[in-house]
Amino acid sequence: MSAALDALAVDVGGLRLKHPVMGASGCVAFGRELKRLGIADDLAAIVTPSMTASTRPASRRGVLRESASGLLAPTERPSLGVDRLRPTALPWDDDAIGQVVVSIAGTTIGECAEVAQGLRRNSLMRRVAAVEMNLACPDAKNSGRPFSHDEFQATKAVARVREELPRSVPLLAKLSADVTDVADIARGCVKAGATAIVVGSPLRAIGRPFGPHQHIDVAAPSGGLSGPAILPVTLRAIWDLRAAVRSGRLAPVHLVAVGGVSSAADALAALAVGATAVQLGTALLHDPSSARSVVDGLSEHLSHNGIDSVLDLVGLAHEG
Amino acid sequence: MLVTSKAEVIATRRMGAFRHLTLVAPQIADIAKPGQFVSAAVGGHASALVGRRTVPISNASPSGTYGGTVEIIVDSDGDAGVRWLAERRAHDEVDLIGPIGRPFPLPSSAVDAVVVGVGASAASLSWLAGQLRDRGCRIDLVLGGTDDRHLVGVVEARRIVGNVSVVLPSADTGLSEQVAAAVRQLLRTGEASVVYAAGRAPHLASVAAVAQPFGVVVQCCIDEEMPCGTGLCGSCEVPVQSKSGDRHSIRCCTEGAVLRADRVRWPLYLQDLSGISTVVTS
């Protein structure tokens, strides 16, 4: 590994990455499309679409809608069930695709555990570098309130999933930023065994078409807003978590910023407020080459400022 | 293979309500075929437009004075992103990915064909008609538009094909019905064994329904909203069924956009398209 790459290497809760730029769940599929575009190697890791216990078709078509500086995606998406995994033919089974973080989701704590169990059994954890738990899913036994909005339920869900996974597999808990106190929820998740916190999921939103239209039509209220529009919310949530770690409210934990990161400057801001890594989502849909430009930008920043490691940038904004 | 390219606009001209753009994109031009698309990042770096716009390639020239070029036709009356594309001028740069999707399959021997397209979706049909003619096919071409400003390439088509019908909506009959009636008439009187169609889903569903009793193969190029054009977002899903009867969805950008019409589950597709929003005022 070259010195330049060494300077970018990070460890996110046990997930060792060649640089801090990952592809977000739902925006990189299982990696094959990135390979077709010749950019699979640009990302240190991809996060798969959220997998469920059994394959779930969407009840309706999942159309992305544009809003100012953002995209509104339906919350309900079709998913691949872990029961369909075959250890010798995984959907992401391609040497050209780097590290694979498997996102898992469920609508009850029992189902979350079942997904983790199925993943372990049916993939033998082959090529699974880490598991990301999508806690933004509605909890069917809690009036549809997302796990990530309820400290008790989130903690229980993470604990049950942790039990099902080998201790050597890093577990990333993906939380929502639109909660009263994200540090409270994160604290429970870390206690329950999460090795890193990813924040945040798309903001719950209702969409209307961008621009002047004769008709005002409103998308179903099950949408999630992502894209540059939500970057300030993401930065705030990471800031709060880092501040909680510094004040001792939250045990030391690695943070991953997702939501609106689309340039090297955005990634630097995310690192400065406390993230160790970032995930690109909407940015890749808009410009698949953005992963390369973010990594190059980070590398350039380090060499231009004589910084030895990207880790030296993490949390800098809290120092001042 | 998909190619990403910073393409320079070298020519732009008005075509009724549309703008015709010629862009230098040699790697895309080398491999592009009729029925394929390019996906463009719109709005520039400081734009609030995050989704890409995917538009049909109207022609590709692998070699030219400026290198290989692709041509596209965009609607100046379209949404903000398409309008941004229509407003590009010579020497502007556009971030393109292409060629996207599967092209129209061409017959191995000369057959009679009906070629039908509506609005900007019909952009590639003159190019397709030229290739069919070169294979000795007899072609009837139907071009539809919401008004005469929204007809694509009628003059060019008449240079290539003897029989070009122009279809506009009438006071009491919508465009889809008019297009379907024109296709029905051609299938009744001619001996076409294949229909090549390009348009939005409702128009294609009408053409597919008309052609079905005649037992004619319909190859349709679905002009669908594809916010990434690369298969990453999974937003352009089309419900289909396989030969064995399995029902599933495919992504229009990677597994389409040209499909056999009898594979598409049109009622479900149209229901999905109409059911994504609720009109609360007008």
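These notebook entries record what I looked up in a predicted model.

**Conventions.** I treated the structure as a predicted model, in which local features need pLDDT of at least 70 and side-chain atom pairs count only at pLDDT 80 or more, while totals for chains, interfaces and linings use all residues. Residues are numbered from 1 along each chain as its sequence is written, chains are lettered from A and ligands numbered from 1 in the order in which they are written, and side-chain values use heavy atoms, without hydrogens and water.

**Domains of chain B.** I noted domain 1 (3–100) and domain 2 (113–272) in chain B; the bounds come from an automatic or database domain assignment. Their centres, taken over C-alpha atoms, are separated by 22 Å. I found 24 residues of domain 1 in contact with 25 residues of domain 2, contact being heavy atoms within 4.5 Å. About 1,900 Å² is buried between the two domains, 64% of it from carbon and sulfur atoms; this is the accessible area (1.4 Å probe) that two parts lose on being put together, summed over both. On the domain 1 side, B:Phe18, B:Pro34 and B:Phe37 lose the most area, together 28% of what that side buries.

**Nonpolar cores.** I next looked up the largest nonpolar core, which has 173 residues. Such a core is a set of buried Ala, Val, Leu, Ile, Met, Phe, Trp, Tyr and Cys residues joined through side-chain atoms within 4.5 Å; buried means under 20% relative accessible area, exposed over 50%, and partly exposed in between (1.4 Å probe, protein chains only). A:Ile197, B:Ile222 and B:Trp266 touch the most other members. Another core, of 26 residues, lies apart from it and includes B:Leu23 and B:Val94.

**Salt bridges.** I counted a salt bridge where a side-chain nitrogen of Lys or Arg is within 4 Å of a carboxyl oxygen of Asp or Glu. B:Arg251 and A:Glu33 form one at 2.7 Å, N to O. The pair joins two chains, because B:Arg251 lies in strand S13 (residues 247–251) of chain B and A:Glu33 in helix H2 (residues 32–36) of chain A; helices (H or I, at least four residues) and strands (E, at least two) are DSSP runs, numbered from the N terminus. A:Glu33 is buried, at 8% relative accessibility.

**B:Glu71.** I checked this residue in strand S5 (residues 69–75) of chain B. B:Glu71 is buried but has no salt bridge, and the nearest side chain of opposite charge, B:Arg13, is 5.5 Å away.

Conventions: Lys and Arg count as positive and Asp and Glu as negative; His and the chain ends are not counted.
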